[in-house]
Amino acid sequence: MARPDRRDLGLLALRVGTGAVLAAHGSQKLAGRFGGGGIEGTTAAMEAMGFHPPRHSAVAAGLGEAGGGALLALGLATPAAGAAAAGAMAGAVAVHAPAGFFAQGGGYEYPAFLGFTAAAIGLAGPGRYSVDHLTRHCFDRPWTVALAFAGSALAAAAVVGRRARGRRVVVDPDAT
């Protein structure tokens, strides 16, 4: 075996750490783990935040976080995993944006950081210590990077845009 490369070890640490945080956060939404509301609580929260349909939004957010995080940690289908997690975090950024940047005031600092980190891993690749490397990158091809990030960006824009349009109607019913 070749001598360990610090870059590969760094990617491993970054992937596992970020993936574990995302997976834990998503499991709160999907299964009520770690004090989360589960799918029913998340559905109610999504409805209150203006996401429609709320149950689909709850499932998508939970899967983007839990599934994307687990795949990132494993280094499996890394472009799709990074894109899914980044897309889910784009929705969280939209929710927290009115409170400003810093998390201490309820801002979007934390979801933005997770989203950028997941995206960076998806773009950079998983490194040598990954399932993608073991499978000769069969789920980590150049075209999957473009497709995954384009799909995630379009989906996030549609969901966030729909939420924004719905919130304008709720805030000002006379708006056209």
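**Exercise 1.** Determine whether Glu 65 is buried or exposed, and list what it touches.

*Solution.* Step 1: Glu 65 has a relative accessible area of 2%, so it is buried (buried is under 20% relative accessible area, exposed over 50%, partly exposed in between, with a 1.4 Å probe and protein chains only). This is a predicted model, in which local features need pLDDT of at least 70, side-chain atom pairs count only at pLDDT 80 or more, and totals for chains, interfaces and linings use all residues. Residues are numbered from 1 along each chain as its sequence is written, and side-chain values use heavy atoms, with hydrogens and water left out.

Step 2: Setting aside residues up to four places away in sequence, Glu 65 touches Leu 22, Ala 23, His 25, Gly 26, Lys 29, Ala 88 and Met 89 (contact is heavy atoms within 4.5 Å).

**Exercise 2.** Check the length of helix H3 and find what its buried residues pack against.

*Solution.* Step 1: Glu 65 is found in helix H3 (helices are DSSP runs of H or I, at least four residues, numbered from the N terminus).

Step 2: H3 covers residues 54-74, which is 21 residues, and at 1.5 Å a residue it should span 30 Å (the expected span is 1.5 Å times one less than the number of residues). The end C-alpha atoms are 30 Å apart, which agrees.

Step 3: Buried residues of H3 include Ala 61, Gly 62, Glu 65 and Leu 72. The buried residues of H3 pack against helices H1 (6-31), H2 (38-49), H4 (78-96) and H5 (109-124).

Step 4: Just after H3, Gly 75 takes a positive phi of about 70°.

**Exercise 3.** Identify the residues of the largest nonpolar core.

*Solution.* Step 1: This core has eight residues: Leu 22, Leu 72, Ala 81, Ala 85, Met 89, Leu 114, Ala 118 and Ile 121 (a nonpolar core is a set of buried Ala, Val, Leu, Ile, Met, Phe, Trp, Tyr and Cys residues joined through side-chain atoms within 4.5 Å).

Step 2: H4 and H5 each supply at least two residues of this core.

Step 3: Leaving aside neighbours within four places in sequence, Ile 121 is in contact with Leu 14, Arg 15, Thr 18, Leu 72 and Thr 78.
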